[in-house]
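The topics are grouped for quick reference.

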Amino acid sequence: MSKALDGVRILDFTHVQSGPTCTQLLAWFGADVIKVERPGTGDITRQQLQDIPKVDSLYFTMLNHNKRSITIDGRNKQGKEVLDALVKTCDVMVENFAPGALDRMGFTWEHIQELNPRMILASVKGFGPGPYVDCKVYENVAQCAGGAASTTGFDDGPPTVTGAQIGDSGTGVHLALGIVTALFQRNTSGRGQKITVAMQDSVLNLCRVKLRDQQRLAHGPLMEYPQYPDGEFGDAVPRAGNASGGGQPGSILKCKGWETDPNSYLYFIAQAPVWESICDVIGKPEWKSDPDYAKPPARLPRLKHIFDTIEQWTMTKTKFEAMEILDKYDIPCGPILSMKELAEDQSLRATGTVVEVEHPTRGKYLSVGNPIKMSDSASDVRRSPLLGEHTEEILRDVLKFDDRKVAELLASPGLGAVTRMAAE
């Protein structure tokens with residue numbers, strides 16, 4: 001089976017998480033991603049959070065599948081020559097350097113256009129144009145600046161960041177869409193273009209329902225929030241605990257075993273169309289006709305009592321038993337799954353969402369596979385490259401340099417020490 005992005009070549013100047021997330025998605029869909037790394041050290045995440053000495057960390061391996069690695073010193077004459085040649089032969093350049101870094105390397109947009117007018121330059125930045133444009137941004141900074149932290153947590157506590165990497169990985173997903181869109185437009189325009197995605201912008205896009213609520217707040221209290229009716233609303237959207245952001249009342253409830261298992265919980269949504277079934281399941285049939293509970297507006301001031309009552313029922317069941325019962329009545333719910341449970345979930349293994357990967361120095365490890373399933377585009381997960389592993393291969397097969405030129409470049413300081421290891 002062919003892959004959706006067969007024939008597309010990506011020049012990958014990215015590091016850490018946001019950029020590598022983007023280029024890994026493209027690689028899963030068949031793009032030839034050539035990761036350019038600094039000789040001797042490479043992507044900083046190769047050494048970060050190492051659990052096995054002198055072995056590429058899981059941080060690196062899980063973000064750089066299906067790529068090829070070449071080491072280049074761009075400050076060196078021969079290294080610059082190779083970089084120029086790669087720009088000429090690639091379709092897309094992706095970078096997440098600090099603002100101005102690419103220009104200082106000599107790769108201004110004008111120079112890139114001279115080398116390859118069809119080149120698409122895709123960049124991750126922390127902030128867009130404005131007072132913070134030059135600020136350094138990491139995951140949690142993006143979550144705070146994009147509105148996620150101020151609206152996450154409980155009202156009586158501080159702002160809280162989420163465990164999901166919405167700043168880094170979320171921005172990478174946005175950038176990947178921008179690249180695919182620009183490739184499509186190039187089919188008709190014949191020209192490349194610049195794409196910029198700011199991490200703050202991406203987080204705010206993922207928080208759009210909170211911007212919705214900020215505008216609703218001007219017209220009265222947010223009745224689906226736990227602050228209603230007894231709490232106070234200020235002039236900004238408050239933290240809503242575990243209340244649903246979609247307007248459907250929801251909460252995380254204890255299940256059997258919660259005293260010893262920190263993940264024995266269930267998310268329960270008291271959806272209006274199945275309210276009568278909820279009443280029957282939890283043993284409150286009288287609520288179906290009680291004017292204080294029968295209609296959604298009447299229930300809003302009583303949500304805490306309602307969920308406390310439902311929790312008395314969920315505490316008699318494990319999260320999986322409760323889910324099985326509720327699913328029969330189409331009552332929306334979901335178990336709080338730990339990372340251990342997800343890692344061991346055989347259904348996720350079967351779909352390729354969780355994959356086991358063999359690495360030449362690490363051995364076997366688990367990773368997340370491509371979450372996007374396409375019927376006519378195969379998607380496999382191949383291990384991440386060793387540092388500079390494909391340097392010689394890229395010089396010969398991609399840039400078409402002859403044996404003399406390859407030998408000359410490999411002997412120069414422009415490429416560093418080359419890892420010679422045959423791919424599996």
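Leu 49 lies in the loop between β2 and α2 (58–61). The model is a predicted one.

- Although Leu 49 is not a glycine, its phi is positive, at about 55°.
- Leu 49 has a relative accessible area of 73% and is therefore classed as exposed, the cut-off for that class being over 50%.
- Lys 54 is also found in the loop between β2 and α2.
- The phi of Lys 54 is positive as well, at about 60°, and this residue is not a glycine either.
- Lys 54 counts as exposed because its relative accessibility is 84%.

**A cis peptide bond**

- The peptide bond that runs from Tyr 228 to Pro 229 is cis, and its omega is near 5°.
- Pro 229 is placed in the loop that connects α9 (208–216) and β7 (250–254).

- Helix α16 spans residues 391–398, and its buried residues include Thr 391, Ile 394, Leu 395 and Val 398.
- These four residues lie on the same side of α16 because they cover an arc of only 110° around the axis.
- Strands β1 (9–13), β2 (32–37) and β3 (67–71) are among the elements that cover the buried residues of α16.
- Helices α3 (77–89) and α17 (403–411) also belong to this cover.
- Lys 400 follows α16 and has a positive phi, near 60°.

**The largest pocket**

- The volume of the largest pocket is about 1200 Å³.
- Its lining consists of 43 residues, of which His 15, Arg 38, Asn 96, Phe 97 and Ala 98 are the closest to the centre.
- At least two lining residues are supplied by each of β2, α3 and β5 (120–125).
- The element that gives the most to the lining is β2, with 3 residues.
- By residue class, the lining of the largest pocket comprises 21 nonpolar, 10 polar and 12 charged residues.

How values were computed. Residues numbered from 1 in each chain as written. Predicted model: local features only at pLDDT ≥ 70, side-chain atom pairs only at ≥ 80, totals over all residues. Heavy atoms only, no water. Buried < 20%, exposed > 50% of the residue type's maximum accessible area, 1.4 Å probe, protein only. Arc of directions from axis to C-beta. Contact = heavy atoms within 4.5 Å. 1 Å grid on protein atoms, 1.4 Å probe; cavity = no way out; pocket = protein on both sides within 12 Å on 5 of 7 lines; lining within 4 Å. Points joined across faces, edges and corners; volume = space filled by probe spheres on them. Nonpolar A, V, L, I, M, F, W, Y, C, P; charged D, E, K, R; others polar.
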